[in-house]
Amino acid sequence: IQSIVSAHSPDLLTAGLPSTRRGGLAERALGEVLRLAESADAVVLGPGAGREASTSALLRRLTLALAPAVVVDADALAAWVGRLERGDRPAKTRVFTPHEGEAARLLGISAQDVRRDRRATLRGLVEATGAGNTDPDLLAAACEAMAAGIPVARASRCPAGGVAPLY
């Protein structure tokens, strides 16, 4: 996937990493990812990484271990399903970007529940991911935007982490 991403977005720094037999991110990539992240301002985890058990474990470990800001998306979000309530929450700058279905899975609720009460869903995500320092005014604005059907991205305005619901 690295060659596809680098060809499509030459402004992104990408690196080919070891993969599993099924094409997922391999555990042996840990050292290289940590080394590459040392010079990064932010790291995006998840898209195209895969959902094998070993890959999911690696993604959770990286979410917790990486020093720069981390955007947790796609397969990295899936890696946290069923784990947030265990207290394994990241404490550093982490931005979770669930769409409606991912938000439902992370919270153990239905997509219908998400649609029924987006404000409660967003509050639940903030609590579940440990992003309790979310600015209340920004949270209210995000809820209003979501209710109006406007996609919300918070990465540029949450220096201490948060939830960026993209649904």
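Author: Helices (H or I, at least four residues) and strands (E, at least two) are DSSP runs, numbered from the N terminus. By that rule, the chain has eight helices and four strands. Do keep in mind that this is a predicted model, where local features need pLDDT of at least 70, side-chain atom pairs count only at pLDDT 80 or more, and totals for chains, interfaces and linings use all residues. Residues are numbered from 1 along each chain as its sequence is written, and side-chain values use heavy atoms, with hydrogens and water left out.

Reader: Thanks! In what order do the elements of the chain run from the N terminus on?

Author: They run α-α-β-α-β-α-β-α-α-α-α-β.

Reader: Why does Val 114 count as buried?

Author: Buried means under 20% relative accessible area, exposed over 50%, and partly exposed in between (1.4 Å probe, protein chains only). Val 114 has 0% relative accessibility, so this residue counts as buried. Val 114 sits in helix H6, residues 111-116. In the chain of 167 residues, 42% are buried.

Reader: What makes a set of residues a nonpolar core, and which members touch the most others in the largest one?

Author: The set must be buried Ala, Val, Leu, Ile, Met, Phe, Trp, Tyr and Cys residues joined through side-chain atoms within 4.5 Å. The largest nonpolar core has 24 residues, and Leu 25, Leu 45, Leu 59, Leu 62, Leu 66 and Val 72 touch the most other members. Among the elements giving two or more residues to this core are helix H3 (53-65), strand S2 (69-72) and helix H7 (118-129).

Reader: Which residues does Leu 25 touch?

Author: Contact means heavy atoms within 4.5 Å. Leaving aside residues up to four places away in sequence, Leu 25 touches Leu 17, Pro 18, Thr 20, Ala 49, Thr 55, Leu 58, Leu 59 and Leu 62.

Reader: Why are H2 and H3 called roughly parallel?

Author: Axes are lines fitted to C-alpha atoms, for helices over the stretch in contact, and angles run from 0 to 180 degrees between N-to-C directions. Angles under 35 degrees count as roughly parallel, over 145 as roughly antiparallel, 65 to 115 as roughly perpendicular and the rest as oblique. The axes of H2 and H3 cross at roughly 30° and come within 11 Å. H2 and H3 are therefore roughly parallel to each other.

Reader: Which residues meet there?

Author: From H2, Leu 30, Val 33 and Leu 34 meet Leu 58, Arg 61, Leu 62 and Ala 65 of H3.
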